[in-house]
Amino acid sequence: MKRIFRLSLCLLTVFLLGACSSDDTPVANVPQLSGNITFDRTRVGVGQPVKMSFALPASVSSDVSETEYSFNLGGIADLLVEAENNVCSYTYAFSEAGTYTVSFKVRYQFNYPDAEGETRRDDVIKKELQVVACDVRNSFWGDNLEETQRNCGGVLEKQKGDAELYAAVLKSEFGSSLTGGKETTVGYTFKSDKLYKVQEVNLFETQVPFTIMRQYYKDIKKVYGETLEKKWSDDTEKNNEYAEACLNGSDKAALDALNAFLVETEGWASFKFEKGSTMMVVECYKSDGKWVVRRTYMEKE
């Protein structure tokens, strides 16, 4: 009888020890990430820096040993960020219009396995961002000075003699393949603190004048698209009937004739593009011994 009792007691002890051991095995318990990605702009234009942010939970489970935070900008993956005041942020300027799926990811490393036996987990929050074409460069008509300064990519300086004109030397959008065309002086004009005109000016010394015009025409057509509307100014058509042939490169005699017109008479030629709400007039003329290419952007009435 004693032998049976001792055996039963031994088995009970083994069972209890086993049960206690099982109950004491820790299991990582980390709540699923929740929240929203926010953007610091309601309208995002091409080339405009947009700050995307994600507010983290006030506290992280003690079962987590390490965390790693990153953004994915619709194909630009795993841009690592640090949390500051419990917020993760990243600023980026998109180079093309379109809809981008922005993702924020937290990678957790656990102290011990979770209920599925995993020691690591990725939680991802997604939000779509629409990026649209700007009216001119990186700006929209009606932007104020502060917004224009943020977007333009350079330091805007107030110009003497004009209370509403600010200028900066910026990278050229057109004519950069020409000597002297890498940078351009860009002037932004405001009315009642609203952007309404932009002008770009480049000076050239050695190029044949209408070769310059033709290069600008090709560059602008490439950027604005094949379907843009092109209008010749009345003066250009009146002074030289070969302008179209020159720009298309189909008539050397026409090119020579217009070059002679520009050089010998110090005349000028211009053409106009229109797309969306923006009109751009391109002018080529001689001033103080240099050839000037001036682009004037205005909002269409």
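Is D193 buried, partly exposed or exposed, and what is its relative accessible area?

Modeller: Happy to take you there, and please keep in mind that this is a predicted model. D193 is partly exposed, because its relative accessible area is 43%. You will find D193 in the loop between β12 (183–191) and β13 (194–204). Have a look at its backbone too: phi is positive there, about 65°, although D193 is not a glycine. As background, most residues other than glycine have a negative phi. N85 is another non-glycine residue with a positive phi, near 55°. N85 also sits in a loop, the one between β6 (83–84) and β7 (87–93). With 78% relative accessibility, N85 counts as exposed, whereas D193 is partly exposed.

Now for the charge on D193. Together with E146, D162 and E164, D193 forms a negative surface patch.

In general, side chains of opposite charge can pair when their charged atoms come close. The structure holds eleven salt bridges. One of them joins R107 and D122, with the closest N and O atoms 2.8 Å apart. R107 is in strand β8 (residues 98–110) and D122 in strand β9 (residues 120–132), so this pair ties together parts that are 15 residues apart in sequence. Both ends are partly exposed: R107 has a relative accessible area of 25%, and D122 has 33%.

A second pair takes us to the segment that follows β13. E205 forms a salt bridge with K290, and here the closest N and O atoms are 3.4 Å apart. This pair links distant parts of the chain, 85 residues apart: E205 lies in the loop between β13 and α3 (209–224), and K290 in strand β17 (residues 290–299). E205 is exposed, with a relative accessible area of 58%, while K290 counts as partly exposed at 31%.

K300 and E274 form a salt bridge, their closest N and O atoms being 3.7 Å apart. K300 is in the segment after β17 and E274 in strand β15 (residues 269–275), 26 residues apart, so to speak a link between distant parts of the chain. At 36% relative accessibility K300 counts as partly exposed, but E274 is buried, with a relative accessible area of 12%. There is also a network of salt bridges, which links R137, E200 and R295.

Two further checks may be handy for you. A search of the whole structure finds zero disulfides. Among the residues that count as buried are C88, with a relative accessible area of 0%, and C134, with 17%. N36 is found in the loop between α1 (2–23) and β1 (37–39), and at 59% relative accessibility it counts as exposed.

Conventions. Residues numbered from 1 in each chain as written. Predicted model: local features only at pLDDT ≥ 70, side-chain atom pairs only at ≥ 80, totals over all residues. Heavy atoms only, no water. Helix = DSSP H or I, 4+ residues; strand = E, 2+ residues; numbered from the N terminus. Buried < 20%, exposed > 50% of the residue type's maximum accessible area, 1.4 Å probe, protein only. Patch = residues over 30% accessible without salt bridge, like charges linked within 9 Å, V, L, I, M, F, W, Y side chains within 5 Å. Areas by Shrake-Rupley, 256 points an atom, 1.4 Å probe, with all protein chains shown as cover. Salt bridge = Lys/Arg side-chain N within 4 Å of Asp/Glu carboxyl O. Lys, Arg positive; Asp, Glu negative; His and termini not counted. Charge placed at Lys NZ, Arg CZ, Asp CG, Glu CD. Disulfide = S-S within 2.5 Å.
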